[in-house]
Amino acid sequence: MRADIAIIGRILTHGGERVEVSTPYGNVRAISSRISGRDVIVIPRHGDSHLPPHRVNYRAIICAAASAGAVRIIAINTVGSMISPPGSFVIPKDFIEFTKSRVSTFYEDRAVHVDMSEPYCPEIRTALIESCRAEGHEPYEGVYVCTEGPHLETHAQIRMLRSFGDVVGMTGYPEVVLAKERALCYASICLVTNTAGDGQVDLSQIMSVESKARGDLARIIEGTVSRIPGRRSCRCCRALENAEL
Ligand code: HPA
């Protein structure tokens with residue numbers, strides 16, 4: 001199986017073939033499909049048994065994308081937002097993280113320090129933004145805050161996080177860093193499922209926003225895949241140059 005682009009997250013796919021990709025970090029179940037005339041691999045982040053965010057095997061997912069041949073990754077994340085209403089889309093331009101127990105590097109025994117001044121690929125971000133607009137959604141751009149979870153944030157946490165970022169989720173990190181460590185292009189589209197810090201968060205509300213957005217999200221992903229240029233002109237592919245001590 002060969003894929004140009006990997007999509008991490010849940011998305012409606014028409015057909016496609018179920019595949020299992022073996023990696024040094026474990027096997028990953030995925031769907032090999034075609035979207036907008038390009039070969040893609042769709043990797044449901046939480047697997048068949050819906051692993052909680054702190055148990056997701058992020059390294060295996062990024063390895064599976066790379067071993068399928070994908071050098072571009074589009075990640076789909078759900079978030080609570082401090083800047084925009086439920087149902088809106090946010091394209092992160094930077095991130096900050098407050099996780100505790102996640103392996104966040106492929107280089108545990110070597111001093112590799114990848115540059116993070118541009119964590120998200122500008123070419124994929126542009127494609128995502130244009131595709132959102134083509135579907136009638138004006139996306140927000142902002143800073144993604146990753147918490148460890150699995151509990152949702154307290155009001156005091158949200159008051160603190162507001163001074164660091166715009167949306168809060170549990171799955172965006174370390175994926176973004178691991179992709180950079182493999183010199184892959186990576187960007188995320190976040191679906192806002194709730195307003196963070198605004199009373200009680202109801203999981204049924206989150207699921208209902210997700211299911212309502214499913215069709216739009218699938219079309220935005222199709223439009224994004226068709227807009228990603230054939231050749232990479234960003235600097236993501238050079239992420240490992242001069243990165244090791
Ligand atoms: N907090 C963290 N993760 C989330 C949220 C939230 O409010 N909504 C969806 N994922």
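Modeller: Elements here are DSSP runs, with helices (H or I) of at least four residues and strands (E) of at least two, numbered from the N terminus. This is a predicted model, so local features need pLDDT of at least 70 and side-chain atom pairs 80 or more, while totals for chains, interfaces and linings use all residues. Residues count from 1 along each chain as its sequence is written, and side-chain values use heavy atoms, without hydrogens or water.

Colleague: How far is a backbone N or O atom of Thr78 from a nitrogen atom of the ligand?

Modeller: Polar contacts are N or O pairs within 3.5 Å. The backbone of Gly80 has an N or O atom 3.2 Å from a ligand nitrogen. For the backbone of Thr78, the distance to a nitrogen atom of the ligand is 3.4 Å.

Colleague: How much of the ligand does the protein bury?

Modeller: Areas are Shrake-Rupley values with a 1.4 Å probe. Alone, the ligand exposes 260 Å². The protein buries 93%.

Colleague: In which pocket does the ligand sit?

Modeller: A pocket is an open set of points on a 1 Å grid over the protein atoms alone, with protein on both sides within 12 Å along at least five of seven lines. To sit in one, more than half of a molecule's atoms must lie within 2 Å of its grid points. The ligand sits in the largest pocket.

Colleague: Which residues are closest to the centre of the largest pocket?

Modeller: The largest pocket has a volume of about 1,100 Å³. Its lining, with atoms within 4 Å of a point, numbers 47 residues. Closest to the centre are Arg10, His46, His50, Thr78 and Glu210.

Colleague: Which element gives the most to the lining of the largest pocket?

Modeller: By class, this lining has 23 nonpolar, 16 polar and eight charged residues. At least two residues each come from β3 (26-35), β5, α3 (155-162), β8, β9 and α5 (203-227). With eight residues, the most comes from α5.

Colleague: And which element gives the most to the lining of the second largest pocket?

Modeller: About 230 Å³ of space lies in that pocket. Its lining holds 14 residues, with Asn27, Arg29, His46, Gly47 and Leu51 nearest its centre. Two elements give two or more residues, β3 and α1 (58-67). The most, three residues, comes from β3.

Colleague: How many charged residues are in the lining of the second largest pocket?

Modeller: Six of the lining residues are nonpolar and five are polar. The charged residues number three.

Definitions and conventions
Polar contact = N/O pair within 3.5 Å; in protein donor to acceptor, adjacent residues only side chain to side chain. 1 Å grid on protein atoms, 1.4 Å probe; cavity = no way out; pocket = protein on both sides within 12 Å on 5 of 7 lines; lining within 4 Å. Points joined across faces, edges and corners; volume = space filled by probe spheres on them. Nonpolar A, V, L, I, M, F, W, Y, C, P; charged D, E, K, R; others polar.
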